[in-house]
Amino acid sequence: MKNKRFPHPATCFFLLTGLVTFVSWVGSVYGWSGVRSLLGDEGLRWVFRTLGTVYLSPLALPVILALFPGLGLWSDSGIGKACRSMVSGQRESLSRKERRALVLSAVTFGTYIGILLLLVWGPWGVASSVVGSFQGSPLADGFWWVVSFGIALPSVAYGIASDAYLSDRDVVRGMSAMFVRKSDYLVTLFFVLFFFASLDYTGLAMCAGLSSETLGWICGACCFLLLCV
């Protein structure tokens, strides 16, 4: 997102939304089947309503808010770099303390997974659904928070064992790391979501042969790819 030779992704999606607005107006003028203009009365009312709710899409900001603390700790604690060194065969670049910290983080992660399995499929069924499955269970409803916590726990364990974290302030700093490093992503996310919502509302996506479900998958892929940039 910092390549100055190209427009910022937020600008690109803003311009694309402008293009959708123009094409939808042309389509409504020429009577294209199923196309609604964003410049009409209903279209403008939709815009005003959507501007306040587009961020609340279940697969957008709530997921980001859940994952960012865990991902921040993964990056800030140094466990991510240590894992890359292990995978790339550079184990000797890690100190003895870092290798022990990795073992502790692996044990912590394994314990966490074991507890989750016990909660869902254990004899008590505390976190399973009424029919005893994962689908529809409390853990499924809070899936992204469960994932984030599963990233955070071994990261904190590694940070403490490797002396990267010496106090609770260090842990809190790690949890906020992604919000600081990816602050412009949160802005870009708004424009991405509004662009795809506009495509769906105007009917241009359907004219192009894309169902709402397919459009949702493409939107999710864009959100994920932009996070990795």
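Glu42 forms a salt bridge with Arg45, their closest N and O atoms lying 2.6 Å apart; a salt bridge here is a side-chain nitrogen of Lys or Arg within 4 Å of a carboxyl oxygen of Asp or Glu. Both residues belong to helix α2, three residues apart, or about one turn of the helix. Helices (H or I, at least four residues) and strands (E, at least two) are DSSP runs, numbered from the N terminus. Glu42 is partly exposed, with a relative accessible area of 49%, and Arg45 is likewise classed as partly exposed at 39%. In this scheme buried means under 20% relative accessible area, exposed over 50%, and partly exposed in between, with a 1.4 Å probe and protein chains only.

The model is predicted, so local features need pLDDT of at least 70 and side-chain atom pairs count only at pLDDT 80 or more, whereas totals for chains, interfaces and linings use all residues. Residues are numbered from 1 along each chain as its sequence is written, and side-chain values use heavy atoms, with hydrogens and water left out.

Helix α2 (residues 41-51) has buried residues at Gly43, Trp46, Val47 and Thr50. These residues cover an arc of only 105° around the axis, which puts them on the same side of α2; the arc is that of the directions from the helix axis to the C-beta atoms. The other side of α2 carries the exposed residues Asp41, Phe48 and Arg49. The buried residues of α2 pack against α10 (183-202), where contact means heavy atoms within 4.5 Å.

The largest nonpolar core has 29 residues, of which Tyr185, Leu189, Val192, Leu193, Phe196, Leu199 and Cys223 touch the most other members. Such a core is a set of buried Ala, Val, Leu, Ile, Met, Phe, Trp, Tyr and Cys residues joined through side-chain atoms within 4.5 Å. Two or more residues are given to this core by each of α1, α2, α3 (61-76), α10, α11 (204-207) and α12 (212-228). Helix α10 provides the largest share, ten residues. Leaving aside residues up to four places away in sequence, Phe196 touches Phe13, Leu215, Ile218, Cys219 and Cys222. A second, separate core of six residues includes Ala82, Leu94, Leu102 and Tyr158.

Thr17 lies in helix α1 and counts as buried at 8% relative accessibility. Apart from residues up to four places away in sequence, Thr17 touches Phe191, Phe194, Phe195 and Ser198. Ser148 is found in helix α7 (residues 143-161) and is buried, with 4% relative accessibility. With the same exclusion of residues up to four places away in sequence, the contacts of Ser148 are Ala66, Leu67, Pro69 and Gly70.

Tyr30 is exposed, with a relative accessible area of 65%.

The account now returns to charged pairs. By the rule stated above, the count comes to five salt bridges. The side chains of Asp76 and Arg173 meet in one of them, at 2.9 Å from N to O. Asp76 lies in helix α3 and Arg173 in helix α8 (residues 168-175), so the pair ties together parts that are 97 residues apart in sequence. Arg173 is partly exposed, at 39% relative accessibility. Asp76 and Arg173 are also linked with Asp170 and Arg181 in a network of salt bridges.

Lys97 forms a salt bridge with Asp163, with the closest N and O atoms 2.6 Å apart. Because Lys97 lies in helix α5 (residues 96-121) and Asp163 in the loop between α7 and α8, this pair ties together parts that are 66 residues apart in sequence. Lys97 is partly exposed, with a relative accessible area of 42%, and Asp163 is partly exposed at 40%.
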